[in-house]
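Take a look at the model first, then read on.

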Amino acid sequence: MDGQRRWWENWWMALCFSFLLCFGPQVSAQIRYTVPEEMKEGSVVGNIAKDLGLDVSTLLDRRFRIVSGSKDAFFQVNQNNGELYILKSIDREELCDGNGACVVNLKTAVENPLEIHYVAVEITDINDNYPSFSEQNQHFEIAEHTPVGTSFQLHAARDQDASPYSVRLYKLSQDENFEIDIRNSDEEKIPFLVLKKPLDREHKSEHLLILKAIDGGNPPKSGALNITVTVLDINDNRPVFSQETYSVSLHENSPVGTTVIKIKATDSDEGSNSEIEYSLGKTLKRKVYDVFQLDRVTGEIKVKGQVDFEDTDVYKLDIQASDKGQPPWTVQGRVIIRIQDINDNQPEIELTSLSNIVAEDSKPGTVIALISVSDKDSGVNGKVVCSLSGNVPFELKPSFQDNMYSLVTKGRLDRELVPHYDITVTATDLGQPPLSSIKTLSIQVADVNDNQPEFSSNILELYIFENNAPGASIFSVRASDKDVNENALISYQINRGGGAQNDIMSFLNINSETGVIHSLKSFDFEAIKTFQFHVLATDSGTPSLSSNVTVNVFILDQNDNVPVILYPVSTNGSAEGVEEIPRNVNAGHLVTKVRAYDADIGYNGWLLFSLQEVSDHSLFGLDRYTGQIRTLRSFTETDEAQHKLLILVKDNGNISLSVTATVIVRVVEPKEAFAASDVSKPAKDEEENNVTFYLIITLGSVSVLFVISVIMLIVMQCSKSTDYSSKYLQDTNYDGTLCHSIQYRSGDKRYMLVGPRMSIGSTIVPGSNGNTLVIPDRRRRDSGEVSEFYLLNRND
């Protein structure tokens, strides 16, 4: 019969499930399984995915799981095949109380789209407990004249198993005076000891009996109670209660000491045989003794412990009234106490968070969490409404099932404005006064890459002194990104485009993580004064965003070039020359001019001349700016014929650099001066050529790199025809020293590279650019062979 009944139940559940699938697509299905208790861990209960028609291959991606159930997780689902299996061994007697169906309700969820399914698992009983008595021994004192048929209530055996494995029958050991009688009370079998033959104390004063309780298992299990009956003398009237059953109502949470009811029993006997004592039955549940107490003398039942409607709504108390006769008479009665509910329980909120992280680009309506509320009170006291506190971009949407809500987004999120939300859920019941509870859900807004890196300015300027150490950092750029984590992780790189400046940028290197820029070589102000490059900042988001900044670099000059004497220069390359002047010259006569230049600019290239040593300070004067040496007075007969002048040439840098030149002035008679002038012209030309050759060697030692460049240009010039194209530097009007000029010799030709400054003693070719310096050749002044280029040459 049980198998046939179970088959009909399964058939009916399948029919209801099919009806829900056809006519209620918006209603989640509910299925029911039945398993016996004490099954092994890992045992399969059923395949939820198969029974619900879910695609097994998508269960893992849809996060198939149990989202709520009992506090102890007895079940778990397998996301790979959809099977429901036992996670923890189940003891039905610990999980459920009584003979009713023991059902564990589970709530399962799948996402994308979100679906909630309800699964009920019924735990069936097995015969795993022995019947037991509350006490192992029970003693009775029975008068010898007790009428035949008198019954005495025995301790009832308790079996934690449910029907049919609970106590089925009682057996009494063989005795001619007693027999057992079983009575049913509230689905419970109560044993009574019945006198079937009058007692004779003189024949037998004590009876020792054994009562066995046998359950309905196969094989059956049993427990024993030792019964001792002492035969007493006559007490022939029993107490009688005023009512067979007392009924009363009591508010829950009544204070300790509150009188619930007063029971009354009477006895027709006199003396001690009519004095009555009251007591509670010995077979009641332990909770009854914890909550109520009975006054043995007055019969008042008072509150002893906590009265909780949610725990027990009805108490059934077995009471006894016993007289003090010998032997005493005892009668049984019953008191039914019904507990009335009050609003004493706050609503309970259960949050099932799908994820506490939500992307800032989530669309409105995205489900964040599932919320269920409950209240242990009943009636109006148990009805609950739910709401959100504060102005947040979220809202609660009620579910098809009562007291179920979905927390969804209702607006756009921006992590850069609000990165975190603490959402407070308030649940309030409808009792008087209403009670409420709150729960806070912390939501983190996840970042998406929606902000590009930003520099503090679109254009940055860098001023750096020349001669910087190669490999040292020269600058640092930094960009910020409002995003976080990888979306804010910025890498830097230099945009290396085409053009002339690409050669310069090839010597720049940037640390991709810190933005620190290093120069792999020293800058030379005399070679380059300014350049520009671009730095690109890119974040690590997907897709990545970037921005760039322009860096304008300005090279600052340092005083790193020593002044170079152009004239006088002796044949051995030293700065020494001899000048001859007639003795009859007047004051102010130009003796000679010391020519020098400095490759630096500004104060670093501004040269000043001074006399360090002179034989007669009254004869010669030196212009400190132009280097011109002039006579201060006319010569006299007493003046010496030769004078030595040591001239210091220094620049105006913070740490000035200097060089000295020696000029020897010979005073000759006028006729000797003219003769010497005519004779010395060829020799002087040859001397100038030698001086220029040694000057080239001196300047070449200053800048080896520049000399190599010049040699490359010479090679190119030698490989071409004499029809050179001319290029000129900008014209600069400067009355002073010659600067940025280099002379050198190659074979039978002499070359000079002219810089942006000109000496006032230079000769300018008419019709040409002012910066083209021509060195006249006195031995071939009629040939007119002059080439105009950065390099000027002539035949020796």
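Two strands pair if DSSP finds at least two bridges between them. Strands (E, at least two residues) and helices (H or I, at least four) are DSSP runs, numbered from the N terminus. Please keep in mind that this is a predicted model, where local features need pLDDT of at least 70, side-chain atom pairs count only at pLDDT 80 or more, and totals for chains, interfaces and linings use all residues. Residues are numbered from 1 along each chain as its sequence is written, and side-chain values use heavy atoms, leaving out hydrogens and water.

The protein has seven helices and 54 strands. Of its 796 residues, 42% count as buried (under 20% relative accessible area, with a 1.4 Å probe and protein chains only; exposed is over 50%, partly exposed in between).

Four strands make up an open sheet with mixed pairing, in the order S25-S31-S30-S27. Its edge strands, S25 and S27, each pair on one side only.

| Edge strand | Residues |
|---|---|
| S25 | 357-359 |
| S27 | 384-389 |

S25 pairs with S31 (residues 436-446) in the parallel sense, over three bridges. Here Ala359 stands opposite Ala446 in S31.

Which loop holds Leu430? Leu430 is found in the loop between S30 (420-429) and S31. With a relative accessible area of 41%, Leu430 is partly exposed.
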